[in-house]
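Work through the following exercises with the sequence and the model at hand. Each task is followed by a solution in steps.

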Amino acid sequence: MVKLESFARITPFAIYMVFVGIEGGLRYFNREGIFALSDQSIYLLYPLKVLVVTCLLIFLWGKYSEISLRDFYNVKNNLLSISVGLVVFVLWVKMDWTLPGQDAPTGFDPRVYTNELTRHMIVLSRIAGAALVVPIMEEIFWRSFLLRYIINSDFSKIPIGQFTWVSFLICAALFGLEHHFIIAGVMAGMVYTLLLYQTKSIAQCILAHAVTNFTLGIYVLQTGRWYFW
């Protein structure tokens with residue numbers, strides 16, 4: 001039976017991945033000609049996904065005792081986390097992280113919306129989801145729950161930021177597999193976890209992750225490299 005502590009950390013991430021699976025399934029059906037669904041319609045899953053996960057996080061927020069806003073009183077750690085977030089962003093966009101035979105994803109291209117207001121709202125939901133919701137959801141799952149769960153199934157007994165090679169490597173590998181750019185994902189997973197070992201703070205990992213995702217979003221909008229989205 002799943003304990004409430006585990007449920008609170010797994011569920012937002014699991015729901016998010018269900019939406020990812022639904023989107024992938026819809027795109028597959030389109031390619032196979034089973035039925036036709038426009039990109040405009042499929043893209044609407046993103047704001048819905050963000051809304052559902054946000055509601056879950058708000059509902060379960062009282063269970064996340066490992067997230068302390070007091071951690072942001074440490075200016076040195078704040079600067080470190082911001083720097084880490086920027087480093088991950090630069091590595092993500094400047095290096096070729098695709099595996100042999102792997103194509104870049106189509107990504108999210110907001111230009112499919114001809115209505116300017118709709119386009120701006122979808123872009124805003126994308127930025128907000130990537131920079132605010134995803135970092136909280138993922139850091140709660142990966143570095144608060146799974147990193148400790150690999151060490152001991154009763155993960156709440158493990159201090160935040162406890163190091164073992166097994167948990168470090170497994171968590172980084174799985175974090176990479178969550179992303180299309182697998183090697184980049186492994187890199188990011190390792191860097192965020194190293195930040196955790198240094199700061200002992202999930203809040204600082206959330207900050208670094210948020211900086212990466214926000215900067216990446218701005219970069220994509222400026223360059224039109226939609227496959228990063």
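**Exercise 1.** Decide whether Thr 199 is buried or exposed, and list its contacts beyond the neighbours within four places in sequence.

*Solution.* This is a predicted model.
Step 1. Locate the residue: Thr 199 belongs to helix α7, which spans residues 182–199.
Step 2. Apply the cut-off: buried means under 20% relative accessible area. Thr 199 has a relative accessibility of 10%, so it counts as buried.
Step 3. With neighbours within four places in sequence set aside, Thr 199 contacts Asn 77, Leu 80 and Gln 204.
Step 4. As a check on distance, take Pro 47, which is 152 residues from Thr 199 along the chain; the two C-alpha atoms are 32 Å apart.

**Exercise 2.** Describe the backbone and the exposure of Lys 200.

*Solution.* 
Step 1. Lys 200 is placed in the loop between α7 and α8.
Step 2. Its phi is positive, about 55 degrees, although Lys 200 is not a glycine.
Step 3. Partly exposed covers the range between the buried limit of 20% and the exposed limit of 50%. The relative accessible area of Lys 200 is 47%, so the residue is partly exposed.

**Exercise 3.** Determine how α4 and α7 are oriented to each other, and which residues make their contact.

*Solution.* 
Step 1. The axes of α4 and α7 come within 10 Å and cross at roughly 170 degrees.
Step 2. Angles over 145 degrees count as roughly antiparallel. The two helices, α4 and α7, are therefore roughly antiparallel.
Step 3. On the α4 side the contact is made by Asn 77, Leu 80, Ser 81, Val 84, Val 88, Leu 91 and Trp 92. On the α7 side it is made by Ala 184, Gly 185, Met 187, Ala 188, Val 191, Tyr 192, Leu 195, Gln 198 and Thr 199.
Step 4. Sorted by class, the contact of α4 with α7 has eleven nonpolar and five polar residues, and no charged ones.

**Exercise 4.** Carry out the analysis for α4 and α8, including the handedness of the crossing.

*Solution.* 
Step 1. Helix α4 (residues 75–94) and helix α8 (residues 202–223) have axes that come within 8 Å and cross at roughly 40 degrees.
Step 2. That angle makes α4 oblique to α8.
Step 3. The crossing of α4 and α8 is right-handed.
Step 4. From α4, the residues in the contact are Asn 77, Asn 78, Ser 81, Ile 82, Val 84, Gly 85, Leu 86, Val 88, Phe 89 and Val 93. They meet Gln 204, Leu 207, Ala 208, Val 211, Thr 212, Thr 215, Leu 216 and Tyr 219 of α8.
Step 5. The classes in the contact of α4 with α8 are eleven nonpolar, seven polar and no charged.

**Exercise 5.** Characterise the packing of α5 on α6 by angle, handedness and residue class.

*Solution.* 
Step 1. Helix α5 covers residues 116–149 and helix α6 residues 165–177; their axes come within 10 Å and cross at roughly 150 degrees.
Step 2. With this angle, α5 is roughly antiparallel to α6.
Step 3. The crossing of α5 and α6 is right-handed.
Step 4. Glu 138, Trp 142, Arg 143, Leu 146 and Leu 147 of α5 make the contact with Ser 167, Phe 168, Cys 171, Leu 174 and Phe 175 of α6.
Step 5. The residues of the contact of α5 with α6 divide into seven nonpolar, one polar and two charged.

**Exercise 6.** State the make-up of the chain, and compare its radius of gyration with that of a compact globule.

*Solution.* 
Step 1. The chain has eight helices and zero strands.
Step 2. A compact globule of 229 residues would have a radius of gyration near 17 Å; the 18 Å of the chain agrees with this.
Step 3. Of the 229 residues, 45% count as buried.
Step 4. Among contacts with a separation of 6 or more, 73% are between residues 24 or more positions apart.

Definitions and conventions
Residues are numbered from 1 along each chain as its sequence is written. This is a predicted model: local features need pLDDT of at least 70, side-chain atom pairs count only at pLDDT 80 or more; totals for chains, interfaces and linings use all residues. Side-chain values use heavy atoms; hydrogens and water are left out. Axes are lines fitted to C-alpha atoms, for helices over the stretch in contact, and angles run from 0 to 180 degrees between N-to-C directions. Helices (H or I, at least four residues) and strands (E, at least two) are DSSP runs, numbered from the N terminus. Angles under 35 degrees count as roughly parallel, over 145 as roughly antiparallel, 65 to 115 as roughly perpendicular and the rest as oblique. A crossing is left-handed if the near helix is turned anticlockwise from the far one by less than a right angle, and right-handed if clockwise. Contact means heavy atoms within 4.5 Å. Ala, Val, Leu, Ile, Met, Phe, Trp, Tyr, Cys and Pro count as nonpolar, Asp, Glu, Lys and Arg as charged, and the others, Gly among them, as polar. The radius of gyration is taken over C-alpha atoms; the globule rule is 2.2 Å times the number of residues to the power 0.38. Buried means under 20% relative accessible area, exposed over 50%, partly exposed in between (1.4 Å probe, protein chains only).
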